[in-house]
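Q: Could we go through this structure together? Please begin with the terms you rely on.

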Amino acid sequence: IVYDHHKSNIGETLNKLQHECFNEIISNVHVHADHDNCLEVLLLKGENKRIKEIADKIISLKGVKHGKLVLSVV
């Protein structure tokens, strides 16, 4: 996702969500793209339905400018 870290409490909200979904979220990368925007890549593992629910929740957060779920089979 790409988000404006100045919007609402998106950083805190993402952190809380990641702690709530610790069974599915196995890794993340956080990059400061510029003064206002952050890029965060989350790696999730689990059942497709649950992964889609988490992705939809994250992408719909206020302040998220772009988000995309990419699924792969291991």
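A: Helices and strands are DSSP runs numbered from the N terminus, a helix (H or I) having at least four residues and a strand (E) at least two. The model is predicted, so local features need pLDDT of at least 70 and side-chain atom pairs count only at pLDDT 80 or more, while totals for chains, interfaces and linings use all residues. Residues are numbered from 1 along each chain as its sequence is written, and side-chain values use heavy atoms, with hydrogens and water left out.

Q: Where is G11 found?

A: G11 is in helix 1, residues 10–20.

Q: How far apart are G11 and G63?

A: They are 52 residues apart in sequence and 9.7 Å apart in space, C-alpha to C-alpha.

Q: Turning to the strands, which ones pair with strand 3?

A: Strand 1 (residues 2–4) pairs with strand 3 (residues 37–44) in the antiparallel sense over 3 bridges. Strand 2 (residues 25–32) is also antiparallel to strand 3, over 7 bridges. Pairing requires that DSSP finds at least two bridges between the strands.

Q: Which residues face each other there?

A: D4 has N37 of strand 3 as its bridge partner, and V29 stands opposite V41 in strand 3.

Q: How many residues lie between strand 2 and strand 3?

A: The two strands form a hairpin with 4 residues between them.

Q: Which residues form the nonpolar patch on the surface?

A: I26, V29, V31, L39, V41 and L43 form it, with about 480 Å² of accessible area together. Strand 2 and strand 3 are the elements that give two or more residues to this patch. Areas come from the Shrake-Rupley method with a 1.4 Å probe.

Q: What about I26, buried or exposed?

A: I26, found in strand 2, is exposed, with a relative accessible area of 55%.

Q: Last topic: what lines the largest pocket?

A: Its lining has 21 residues, of which L42, L43, L44, L69 and V70 lie nearest the centre. Strand 3 and helix 2 (48–59) each supply at least two lining residues.

Definitions and conventions. Patches are made of residues with over 30% relative accessible area and no salt bridge: like charges are joined within 9 Å, nonpolar side chains (Val, Leu, Ile, Met, Phe, Trp, Tyr) within 5 Å. A salt bridge is a side-chain nitrogen of Lys or Arg within 4 Å of a carboxyl oxygen of Asp or Glu. Buried means under 20% relative accessible area, exposed over 50%, partly exposed in between (1.4 Å probe, protein chains only). On a 1 Å grid over the protein atoms alone, a cavity is a set of points where a 1.4 Å probe fits but cannot get out, and a pocket is an open set with protein on both sides within 12 Å along at least five of seven lines; lining residues have an atom within 4 Å of a point.
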